[in-house]
Structures are given as structure tokens and as C-alpha cells.
Amino acid sequence: MSQPYVFALRNALEEIKNAEPCVQKIFLFQKDGEVIAKDETMGLDAVKALTGFFGELMQRAENIDAIENLTIEGADTTLNICCIGDLYAGSVFSRETDERTVKALTKIVIPTIIKLVDHISPVAQTLPTHQEKTEKPKETPKLSKDFMLPKAPVNQFIVEKMGGLLAPSNTVRIDCKITDGWLEMYGDKEIHEVNLESINGKTTRCKFKPNKDSKQCNGTIQVPEKIMASLKIGIGELVMVKPVVELEA
Amino acid sequence: MEKKLTDENSPAFSIEEAPKMGSHVIGYILRNESSAKINLSESDKIVDYAMFNSQLIESGQSIAELLKISNVERIIVEGKNIKTICKIAGENKTSVFLNKKIP
């Protein structure tokens, strides 16, 4: 449990005790017996011993029910220990105290404070302390140039079969106007491959070559049979093409 | 004169009727230094209740001593389903177990 959390709880409990003179003692402990907060009138050993006795009682109660509230009424004073999530809050009141006040404190005020501190605590933990602020110089994250690259454009093409005996089976041909645009966009970055995605969601990565005959491939992509088969597409179907930009190691 | 907590000579006749009075009363345990009487509707859990009751009185008095709470008169434990009220009068201890969810 973080220091700000414990500090906030301890202060809140002290304030309750100061505001309500009927509260004689107040303390807070975890289910495992660890003491979170206690007022100055109680010794740590006494609270630890108390949590030990309470733990024994909880163990015995396991076969019957889980303890949510324990009240011990003496001749002059009353002890109340109530379960609030993973914590147990204990408070000792004078018997003369109005029952409504006791209930308001044990069932409303203390649980609300604990829940509130629980809520604030994660934020407090993330905030740097004053010491950290002075000692550690502010570090600026080093961004790679690759993070500043423009988003790769996605182009749609109509599929055409790539013919020819010497046509490589792992290379597509794309309109040179498009590939020149990629080169302008990415400057000195190397683009050797493209990602192809069919309408049915199948994807593959392959090499590409610019087709300088714009009349031959205006709005079309020439795809070898092998890639068409892997994408499960045919001639005349649409395919999306995205360049693969090589990032620096 | 000290009374023994036996069937024939019980100091609390009304409590004996308690389990019959309503289904929310699970039972009771009467105890003093020499004898004890248990009446529970959940007969399979008699040992559990007896041990819990014994621990409750023991832990309750130890905690009270630590916090300087003099003359413990009542110890009340509330669970999710069961509420236990333990009344201490000298060496006589009366515990009543109640079902919080009244069927």
C-alpha cells in the first residue's frame, strides 16, 4: 500500500476523531492483519495483537459465515469493527453516544472515506513527488524518424492476369504513377514489397515492379496466377495494395 | 444459589422456544463454567457453531482487555447470512444465532 494512501487515510481518521469527541479510538487494518492506520492513543503492538485475535475468530467463522461486522459492548465503551472491501475499520465509542452517530460514522463516513481514498490513490501514485521533481531532469522520449512517416496509402486496383513465360511468380506489376508517388512520399526509404488484400480479407505480401506502360495498366494490377490463387481472386476483381516501407533497424 | 444449565432446570425457558418461534432463529448455545446446552436447527454444523461460539467469547474478551473495555456485556457478530448475539452475564453466556435472510 502506497505512502500517500496510508497518509491520507491516517489524516482522515484523525480528523474524524477530532470532530467527534465520542470516538475514543480508531484504527484500520487489512484482512491479512497488517495495520494500515491507527490513532496516537493506541500502541502498534496492541493493534497487532487485536488483529491476531480477530484473525483467529475469522478462521473459526469460515465454516459458518464471513464476518462483516463485530461489536463488543462493555459497561462504558463499545468497539465496532466493520469490513469495508479488503479493509477492516475499528472504532471505540463511549456507550453514551447516540446510536445514529455511531451508525453514521461506521457505516457511512468511514467507508466513504476509504472508497474515496481508494479512488484518488492510483492518481496520487502516478504523480511525481517534490523530491523526484527536483532530482530527476525531465526526460524527453526519443522518437525514431520512422514514427514521423506518413501513413502508407492504400490503393485499389482491378486484377489482371500477368502473362509471359519469364514472368516471376512472386511479383506484381503496378502503374508507375502510383509507385512514383510512393517514392516521393517516403523519400529515401526503400520500398521493395507491397501488401495485397482481397475483398474477402485474404492477404499476402509480394514484390512489385512499376509498369511504365500506363495505357496497359491504368487502374489495374497485373498479378501472377500463383498469387491470385493464394488470394482466392480472379480476373476483374478488386484488390487493395499497400506499400511496405522498410524501417531502419 | 447458582443454577445449572440443564434441561430440567434452565434459567432461560423463553430461549428454548426460540427455534420454534420463527425460521430466522437457527439456534442457541447456553454456557457456563461447568455445563453447556446447544439447540440448533442445523444439526450437521453443531461442532462448527460450538467452536465459533467459544472462539467468539474468548477473542471478544481478549480484544476488550486490549482496548480496556471493562465488563463485556454483549458481543454481536454479523456475517453475510448469519447474525450472532452473545450475552454475557457473569459466568453465564447465552448465544443466539439468527438467519439474516428471513425465508
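## Terms and model

Two residues count as in contact here if their C-beta atoms, placed from the backbone, lie within 7 Å. What you're looking at is a predicted model, where local features need pLDDT of at least 70, side-chain atom pairs count only at pLDDT 80 or more, and totals for chains, interfaces and linings use all residues. Residues are numbered from 1 along each chain as its sequence is written, while chains are lettered from A and ligands numbered from 1 in the order in which they are written.

## The barrel in chain A

Chain A has a closed barrel of six strands, in the order β6-β10-β7-β9-β8-β11, with mixed pairing. Strands are DSSP runs of E, at least two residues, and helices are runs of H or I, at least four, numbered from the N terminus; two strands pair if DSSP finds at least two bridges between them.

Let's zoom in on β7(A), residues 171–175. Five bridges tie β7(A) to the parallel β9(A), residues 203–211, and D175(A) sits opposite N211(A) there.

## A helix across the strands

Helix α5(A), residues 176–186, lies across β6, β7, β8, β9 and β11 of chain A, at about 90° to β7(A). Angles run from 0 to 180 degrees between N-to-C directions, with axes fitted to C-alpha atoms, for helices over the stretch in contact.

## Chain B

Chain B has two helices and five strands, in the pattern α-β-β-α-β-β-β along the sequence.
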